[in-house]
Amino acid sequence: MSLLQIEGLGIDFGGLRAVNDVSFSLKAGEIVSVIGPNGAGKTTLFNMISGVYLPGRGKVMLDGEDVTRLSPHLLARRGLSRTFQNLQIFHAMTVLENAVVGHHLHERGNILADLLSLPASRRSSRESEESARRLLDRVGLGRAAEQEAGSLSYGALKRLEIARALALKPRVLLLDEPAAGCNAVETEEIDHLIAQVAAEGVSILLVEHDMKMVMRISNHIVVLDHGEKIAEGEPAAIARNPRVIEAYLGAQATEANNADG
Amino acid sequence: MRLSSKTITLLGLAVVIAIAPVFFPSSFYYRVGSLIFVNGLAVTGLVILIGYAGQISLGHAGFAGIGAYACALAPVHLGLHPALAAVLGAVLSGIIAWLVGRPILRLKGYYLAVASLGFGVLVSMVLANEAAITGGPDGMAVEDPGLRGALKAIGIDLSNTEFWYAFSGLVLVIGAWLALNLYHSPTGRALRALHGSEVAARAVGIDVAGYKLKAFVISAVYASVSGSLLALQNKFITPDVAGFMHSIEMVTMTVLGGAGSVIGAILGAAILTILPQILTVFQEYEQLLLGLVMMLVMIFMRDGLLPSIARRLRRGGE
């Protein structure tokens, strides 16, 4: 059974049909990529799935439950976590604190315990901190833990967002261009990380422009153009699909194929 | 044992409060000191709202007014002890802040600033106009809580100004302790996170509207206790305590010293409480100079005095 199911999702901005009638699904542990030219509606689709925009049409089902109109924090509670294309980092906090905040839903205690710094509150913070350090090690930021987040490079901030999203222990993870602005080595690291996370049973929905990466790690690809789904299937089939090549892939697809071959 | 920065901050604050009287040339300075602590307490609450959560209120004097008039009215009408009346005022302020904040904090943007402004004006108008109950613009007397008498009974004999200096100082240290505890707690991190990015805070499961409301309620309780302390030590209260100028003063103190830092904001409260006392020499220019100081700080030290100076020192040390 599919963990995340998108049914006929659509939204209009004024007269513009930004996304129209998009359907697809994700199984547990599956990596599905959404690709398409700039302005195809990929990020808009992400924002609808994660509750940032209210969809005009269609449904989002998470584990059989209709979650279409839920706000992002309630979706997070149900195990859906995401990163952002335009970085959304807590700049004034340290790298460690950014990762600790990701544990918010797993922290116990209440405001009174926090004000009085009762043992329950301190223990909860300590547990989050230990887990956050492990996650930072995992994304290669362990040594930057005490730095102010604003001082990190773009690629490092991308990885920090992934660590923060993983802290929720999500069932579904939406990654919006995780490798943008990263060099080849960093991209490969992120690539491994995504594959590892998926292997642990987390479903991953990916928007990414790096076609080599998409072709390498996706189980399934959904292609958008002008807000409509124009194709969907396995990477190899997508790379050969004439409509996809026309709309988007072009030279990049041949390049990726050659790299694979 | 290595002391945490929180412990050092609190010890430093307590030591300064305890030692400062050695340098006081006259008992008048105890009075200035306790005013600083009263303002410092309100400002510490605003650090939680403005500095942690990034929300602006322009009506916090309204809560100070509720706290102050609770101490004036509850003993007369309900027969409550003035100290308990302060607790009643704090609870009332918390409930009102919740009722006012709940519908507003669901909206994005500057609604809280505008709505709290309206709330503050409303409170001060009610206090000024309901003369039959509040004495109107002339104000009303406040009963002595008898705490000083209680101390005397156990052998500690303090003058009135000395007692309120010590008592307000103690309350301020407790207030600072609570605010600093909050900073590194799950709640404090949630507040600072939503200040940094609301979408990201939502994405990790933080109920943004709910946490803003918590910050608003806590800061309202701080303001209320500060108003109560003022009423109890002055033994007299006028609607000015709830006035718009007082709200602006509170925000100015917070921002001047550094909204993100408890000690910075208390420093801001100290400066803006002392300056008018010094500037009485140039009475006509007092407002002018205050405005100038504020503008210079905002232009050259946008994070406020203390954080900006600390950063410059750190950079210099490297």
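Hi everyone. Let me start with a definition: a helix axis here is a line fitted to C-alpha atoms over the stretch in contact, and the angle between two axes runs from 0 to 180 degrees between N-to-C directions. We also need contact, which holds for two residues if their C-beta atoms, placed from the backbone, lie within 7 Å. Helices (H or I, at least four residues) and strands (E, at least two) are DSSP runs, numbered from the N terminus.

What you see is a predicted model, where local features need pLDDT of at least 70 and side-chain atom pairs count only at pLDDT 80 or more, while totals for chains, interfaces and linings use all residues. Residues are numbered from 1 along each chain as its sequence is written, and chains are lettered from A and ligands numbered from 1 in the order in which they are written.

Let's meet chain B. It has 15 helices and 2 strands. Its radius of gyration, taken over C-alpha atoms, is 19 Å, close to the 20 Å that the globule rule gives for 318 residues, so chain B is as compact as a globular protein of that length. That rule is 2.2 Å times the number of residues to the power 0.38. The C-alpha atoms of chain B fill a box of roughly 50 × 50 × 45 Å along the principal axes. Of its 318 residues, 51% count as buried; buried means 20 or more other C-beta atoms within 10 Å of the residue's own, exposed means 12 or fewer, and partly exposed is in between, with C-beta atoms placed from the backbone.

Now back to those axes. At what angle do helix 8 and helix 11 of chain B pack? Helix 8 (160-183) and helix 11 (residues 208-234) meet at about 175 degrees, with their axes 11 Å apart. That makes helix 8 of chain B roughly antiparallel to helix 11 of chain B; the cut-offs are under 35 degrees for roughly parallel, over 145 for roughly antiparallel, 65 to 115 for roughly perpendicular, and oblique for the rest. On the helix 8 side, the contact uses B:W164, B:S168, B:V171 and B:G175, and helix 11 brings B:Y222, B:V225, B:L229 and B:Q233.

Next, where the chains meet. In chain B, 23 residues are in contact with 33 residues of chain A. Helix 8, helix 9 (186-196) and helix 10 (198-203) of chain B each give two or more residues to this side. Which helix gives the largest share? Helix 9 of chain B does, with 8 residues.

On to chain A, which has 11 helices and 10 strands. Its radius of gyration is 19 Å, close to the 18 Å from the globule rule for 261 residues, so chain A is as compact as a globular protein of that length. Its C-alpha atoms fill a box of roughly 65 × 40 × 35 Å along the principal axes, and 47% of its residues count as buried.

Look for the open sheet in chain A: 4 strands in the order 2-1-4-5, with antiparallel pairing. Two strands pair if DSSP finds at least two bridges between them. Strand 2 (16-26) and strand 5 (65-66) of chain A each have a single partner strand, so one side of each has no neighbour in the sheet. Between strand 1 (residues 4-13) and strand 2 of chain A there are 7 bridges, and A:F13 has A:L16 as its bridge partner.

Last stop: A:S153, in the loop between helix 5 (119-138) and helix 6 (154-166) of chain A. Buried or partly exposed? With 13 C-beta neighbours inside 10 Å, A:S153 counts as partly exposed.
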